[in-house]
Each structure stands twice: as C-alpha cells, then as structure tokens.
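Here are a few exercises to work through with the model open. Try each one before you read its solution.

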Amino acid sequence: MWRKLLGTVWRGAPKSARRWSVWLTQPRFTVTVGAVVRDERGRVLLFNHVFRKGSGWGIPGGFIGKGENPEDALRRELCEEAGLQLDEIEIAFSRTHRRPQQVEIIYRCRARADGARGQSIEIESTGWFELDKLPPELARDQHRIIQRALGDDAGRGK
C-alpha cells in the first residue's frame, strides 16, 4: 500500500521536484578514462604527470567532458597530451573509487606506428617501457592497472 501511494505521489510531483530530489539523494561521480597503450614492439606508454602526487609516472588519461563519449575523451586526451593517435581501442575494465567519488574506465589500446610526438604542459616526460623495465617509482596501483588490462599478455610482453 505504501509503495503504491509513494509511486502515485512521485509520478504526480512536478518534474523539477523529482529532478531536485534525485540530485539531492543520489551519489555523483567524476568519470575519467585511462589507457594502457602499447606500441608495435609491445612497450607500454607512461607519462610523468606534472600534477600527479608521488612519482608522477602513470598511464595516460583524463576527465570526460560533459556529454562526451568515453572513447572520444580518451582519444582527445592522448592527442592533447602527446600528439598520439590510436589504431585499436577496447574497454579493459572499469572501477570505482570512494575518495574522490570517481568511476574510472580503463582501455587497452594500440598506438599508431608514428608514435607519440610533443607533449602538453600537464606532462613532464613521456616514455615507452618494456613490461619488465617499468620505472621503479611507478605506483603499485599503476602496475596493477597495467597487469589487469593486459591480462595474459602482461606476462609474455606481447
């Protein structure tokens, strides 16, 4: 009975009131994209980020703009940060963070043969690394992302 009554009240409420109640009661997340990008030799692209805490080394990525498709956001970020174009791109996995409230979509990608050129002010340096020669200061979380995105390929260097 209560459920039916609440449903009737909800449906009868003005659209703006329903929208505000959802906005006030439901969690909001920032959505970002990240990429494990490999070249033709199987090396992984890492950026030494200016704004990243700690070592700064990590996979490329960034925020999704309002109304932007996640794959388009990733392509835009890689082009802006390193002048890089992608030939292959697929979702590897997604994950959520509690602090900050964030949904992160991780892609597995293959870079075009012409490689990365230039870089933005957000990036201190760019490097292609063999899987067994990743920077020693690369955060453990970044190692896990790379391993998870590459799956079986991570152990074989493909």
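**Exercise 1.** What share of the contacts in the protein chain with a separation of 6 or more comes from residues 24 or more positions apart?

Solution. Start with the ground rules: this is a predicted model, where local features need pLDDT of at least 70, side-chain atom pairs count only at pLDDT 80 or more, and totals for chains, interfaces and linings use all residues. Residues are numbered from 1 along each chain as its sequence is written, and side-chain values use heavy atoms, with hydrogens and water left out. Next, take a contact as heavy atoms within 4.5 Å. The share comes to 65%.

**Exercise 2.** List the secondary structure elements of the protein chain in order.

Solution. Count them, and you get five helices and seven strands. Then read from the N terminus: α-α-β-β-β-β-α-β-β-β-α-α.

**Exercise 3.** Is Cys 109 buried or exposed?

Solution. Set the cut-offs on relative accessible area: buried is under 20%, exposed over 50%, partly exposed in between (1.4 Å probe, protein chains only). Cys 109 has 4%, so Cys 109 is buried. Cys 79, at 37%, is partly exposed. Across the chain, 37% of the 158 residues count as buried.

**Exercise 4.** Where does Val 9 lie?

Solution. Find helix α1, residues 2-12; Val 9 is in there. Now check its cover: a relative accessible area of 52% makes Val 9 exposed.

Note on methods
Helices (H or I, at least four residues) and strands (E, at least two) are DSSP runs, numbered from the N terminus.
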